[in-house]
Amino acid sequence: MTVRPAADLPRRPEGPQPVGSPSAPRPRETRMRALDGLRLVAALMVAAYHYGGRGGEITKAWGSSAQQQFPTLHTYFSYGCLGVQVFFVISGFVICMSGWGRPLKSFFASRASRLLPAYWFAVLLVTAVFALPVVAYEALSPSDVLVNLTMLQQPLGVDRVLGVCWTLWAEVRFYALFALCVVLPGASRRRVIMFCAGWTLAAAITQAAHQPLLDVVFMPEYAPFFIGGVGLYLVHRDRRDVYAWGIVAVSFLIGQHYAVRSLWNASDPNAFAHRTTLGIVLVVAFGFLAVAAIALGWLSWANWRWLTVAGALTYPFYLVHEHLGWVVVHELHVRLGVPAAGTFALTVAGMLLLAWLMNRYVEKPLTPRLRSALARRL
């Protein structure tokens, strides 16, 4: 995922729940499997964008532009980059759920243990693959790789091993803001509402101030999606909460503005594909509406166990699919002559298999150990 990983398992409270005191006991919950499925959908959207909805290094992998490989689909694939915004809405929902009623030490241990094992493995794996003589892509220097292990390469101006890790930097900043403003003093409905209102205002002021430091802290381009997800968790706790619905509405209105401003390119004659403003708004609306449907319990019927597996694969798949996908696409399509559609399907399937292996042999053994160690030492 993030994007981001699943926050300790997303779950749904049963029956009416108190929304006031931070000292109130946490409700007994059941797993929200539909949220797992939505996370995989968002990851597959991003993969479609990286394999067939843009230019750059994937052109070298295909041996020609993806426009030629997918004459019609490349336009639809170009909207897949908005899977990141969908991830951010999910993240806001899940992090608010995960942090509610949890002490800071436990929150920190949970977040670090979910992010780091798969991330460290992905950085080392991509570096090792790119260092192979038969691979056409250049590996980073050992120094840059070591910095990448900190997850702070972007603010430090170091080249990235994983192209998608810029979203993790946004996630980390969201975690820090939420931890300081909500988890540390203790989560309550009023405190979460004030956090959302304060961050929305700070992001707007940041946009007007043109101050780089404020941009780094308040992330005006991505804040509405995180805030909208937090608002949807308040809706999940009480669907009659007018303030929560107000947070969601304002976040959507601002979020679609930033998405259109960043991704609409109809006036650029050299654009890979021309996204329309309506198309962008519809994809953003899909992200908000899908999480809202889950928050309201409308998708509680989607309770299949395979969705749990899908959710577990999302984060490792997201980490490795882009760069290793270039290698697989080149081998299948250029060297072996597999048609573009078959190469696309086989590459996605291969990355999902790798994600399953990472989850089984990296995340499952290391995540609980790291969580226990961090919770014990802090």
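Reader: How do the residues lining the largest pocket divide by class?
Author: In this predicted model, where local features need pLDDT of at least 70 and side-chain atom pairs count only at pLDDT 80 or more, totals for chains, interfaces and linings use all residues. The lining of the largest pocket holds 19 nonpolar, eight polar and eight charged residues (Asp, Glu, Lys and Arg are charged; Ala, Val, Leu, Ile, Met, Phe, Trp, Tyr, Cys and Pro nonpolar; the others, Gly among them, polar). Residues are numbered from 1 along each chain as its sequence is written, and side-chain values use heavy atoms, with hydrogens and water left out.

Reader: Which residues lie nearest the centre of that pocket?
Author: Of the 35 residues that line the largest pocket, Arg54, Arg160, Gly163, Val164 and Glu322 lie nearest its centre. On a 1 Å grid over the protein atoms alone, a pocket is an open set of points with protein on both sides within 12 Å along at least five of seven lines, a cavity is a set where a 1.4 Å probe fits but cannot get out, and lining residues have an atom within 4 Å of a point.

Reader: And how much space is in the largest pocket?
Author: The space in the largest pocket comes to about 660 Å³, a volume being what is filled by probe spheres set on the points.

Reader: Which helix gives the most to the lining of the largest pocket?
Author: That is H14, with four residues. At least two lining residues each come from helices H1 (33-52), H2 (57-62), H5 (83-99), H6 (104-130), H12 (242-263) and H14 (306-335) (DSSP runs of H or I, at least four residues).

Reader: What about the largest cavity, what lines it?
Author: The largest cavity, with a volume of about 70 Å³, is lined by Lys60, Val134, Val135, Ala136, Tyr137, Val327, His330 and Glu331. H14 again gives the most, here with three residues, and by class the cavity lining has five nonpolar, one polar and two charged residues.

Reader: Switching topic, how do H6 and H8 pack?
Author: H6 and H8 (residues 166-183) pack at an angle of about 170°, with their axes 11 Å apart, and they are therefore roughly antiparallel to each other (over 145 degrees; under 35 is roughly parallel). Their contact (heavy atoms within 4.5 Å) is made by Leu104, Phe107, Arg111, Leu115 and Tyr119 of H6 and by Leu168, Val172, Tyr175, Phe178, Ala179 and Val183 of H8. Ten of these residues are nonpolar, none is polar and one is charged.

Reader: Which residues of H5 meet H13?
Author: Val86, Val89, Ile90 and Phe93 of H5 meet Gly287, Phe288, Val291 and Ala295 of H13, a contact with seven nonpolar, one polar and no charged residues. The axes of H5 and H13 come within 9 Å and cross at roughly 30°, which makes H5 roughly parallel to H13.

Reader: And how are H11 and H13 placed, parallel or antiparallel?
Author: H11 (residues 223-237) and H13 (residues 277-295) pack at about 25° with axes 9 Å apart, so H11 and H13 are roughly parallel to each other. Pro224, Phe225, Gly228, Leu232 and His236 of H11 make the contact with Val284, Phe288, Val291, Ala292 and Ala295 of H13, and by class it has eight nonpolar, two polar and no charged residues.

Technical notes:
Axes fitted to C-alpha atoms, helices over the stretch in contact; angles between N-to-C directions. Parallel < 35°, antiparallel > 145°, perpendicular 65-115°, else oblique.
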